[in-house]
Amino acid sequence: MFEFNYLQAKSLSEAAAFVAANPDAKLLAGGMTLLPTLKQRLAQPSHLVDIGGLPELRGIEVKDGKLALGAATRHHEVAASAVVRQALPALAYLAEQIGDPQVRNRGTVGGSVANNDPAADYPAAVLALGATIVTTRREIDAGDYFQGMFATALEAGEIIVRLLFPLPQRAAYMKFPHPASGYAMAGVFIAETKTGIRVAVTGAGPGVFRWNDAENALAKQLNPAVFDGLAVAAANMNEDFHATREYRANLVKVMAKRAVQKLLEISNW
């Protein structure tokens, strides 16, 4: 680990001003990705600006038909929240499947979305639900936010403050987790909204993406069998020693079927 300076921000405005003035500084909330990166000497920040304890970044509430999660809200808080379980149970389930208890007790919602790991879980929910990412500078629609592997629309010095999830009629998430890390080798989030069915896939490709063919098929018939007639382009999938492209393409269809089956078991509320 390289030497760095540590700053515990006293306010969100202080943190934003500091990272804007110090481009080599890194924000620290849960640190579930940043700390291993530092240990492997893959990053050399001048400062770590700790924002994990800022009250401006905490909180869970439903307001104006949306579930608002503060960026520093930890995964276990989302999973255990009675508010989330009532308003958007699929998101509580998603949070409960992340990593292990240690990760869930340290990792944050905002950190996951800011990092945009191609195998992370939250991006699938953000994209499928058409969430809004509220930052210190603006509001970003989910469709404009994700820009490929570890790439987002965030500008230098911009900090995620909260995420706003429109409440669907019902939603479901299913993933095939890597047995060691718990990351999604393929995860599918399906949301039935007032404007139609939205399907987002994580883990299988170089970044989270909408599966438009699945959305069109499910709009005609909300049935797991529709996936039998759909093809997932294996050439667009990730490949490593854990799984071939073809295997991941098949996992997408299997997880999508399971998500629809779970969706059908949920009564509209």
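This is a predicted model: local features need pLDDT of at least 70, side-chain atom pairs count only at pLDDT 80 or more; totals for chains, interfaces and linings use all residues.

Modeller: Residues are numbered from 1 along each chain as its sequence is written, and side-chain values use heavy atoms, with hydrogens and water left out.

Biologist: Why is Ser112 called buried?

Modeller: Buried means under 20% relative accessible area, exposed means over 50%, and partly exposed is in between, with a 1.4 Å probe and protein chains only. Ser112 has a relative accessible area of 15%, so Ser112 is buried.

Biologist: Where is Ser112 found, and what does Ser112 touch?

Modeller: Ser112 is found in helix H7, residues 109–115. Helices (H or I, at least four residues) and strands (E, at least two) are DSSP runs, numbered from the N terminus. Contact means heavy atoms within 4.5 Å. Not counting residues up to four places away in sequence, Ser112 touches His75, Asp117, Ala120, Tyr122 and Pro123.

Biologist: What makes Asn116 stand out in the loop between H7 and H8?

Modeller: Asn116 has a positive phi of about 50° although it is not a glycine. Most residues other than glycine have a negative phi. At 2% relative accessibility, Asn116 falls under the limit and therefore counts as buried.

Biologist: Is Asp64 buried or exposed?

Modeller: Asp64 has 72% relative accessibility, which is why Asp64 counts as exposed. Asp64 lies in the loop between strand S4 (60–63) and strand S5 (66–70), and the phi of Asp64 is near 55°, again a positive value in a residue other than glycine.

Biologist: Why is Ala225 called partly exposed?

Modeller: The relative accessible area of Ala225 is 43%, so Ala225 belongs to the in-between class. Ala225 lies in the loop between H10 and H11.

Biologist: How do you know that helix H8 is mostly covered?

Modeller: In helix H8 (residues 122–129), 8 of 8 residues are buried. Among them are Tyr122, Pro123 and Leu129. Just after H8, Gly130 takes a positive phi of about 65°.

Biologist: How does the span of helix H11 compare with what is expected?

Modeller: The expected span of a helix is 1.5 Å times one less than its number of residues. H11 (residues 245–264) has 20 residues and reaches 29 Å from its first C-alpha to its last, close to the 28 Å expected. Buried residues of H11 include Arg248, Leu251 and Met255, and among the elements covering the buried residues of H11 is helix H10 (212–220). In turn, H11 is one of the elements that cover the buried residues of H10.

Biologist: Why is the pair of Tyr145 and Phe146 called edge-to-face?

Modeller: Rings of Phe, Tyr and Trp (its six-membered ring) pair if their centres lie within 6.5 Å; planes under 30 degrees apart count as stacked, over 60 as edge-to-face and the rest as tilted. By this rule there are 3 aromatic pairs. The rings of Tyr145 and Phe146 have centres 4.9 Å apart and planes at 90°, so the pair is edge-to-face.

Biologist: What places Lys262 over the face of Tyr93?

Modeller: A charge sits over a ring if NZ of Lys or CZ of Arg is within 6 Å of the ring centre and within 35 degrees of the ring normal. Lys262 is at 3.2 Å from the ring centre of Tyr93. The charged end of Arg41 likewise sits over the ring of Phe2, 4.0 Å from its centre.
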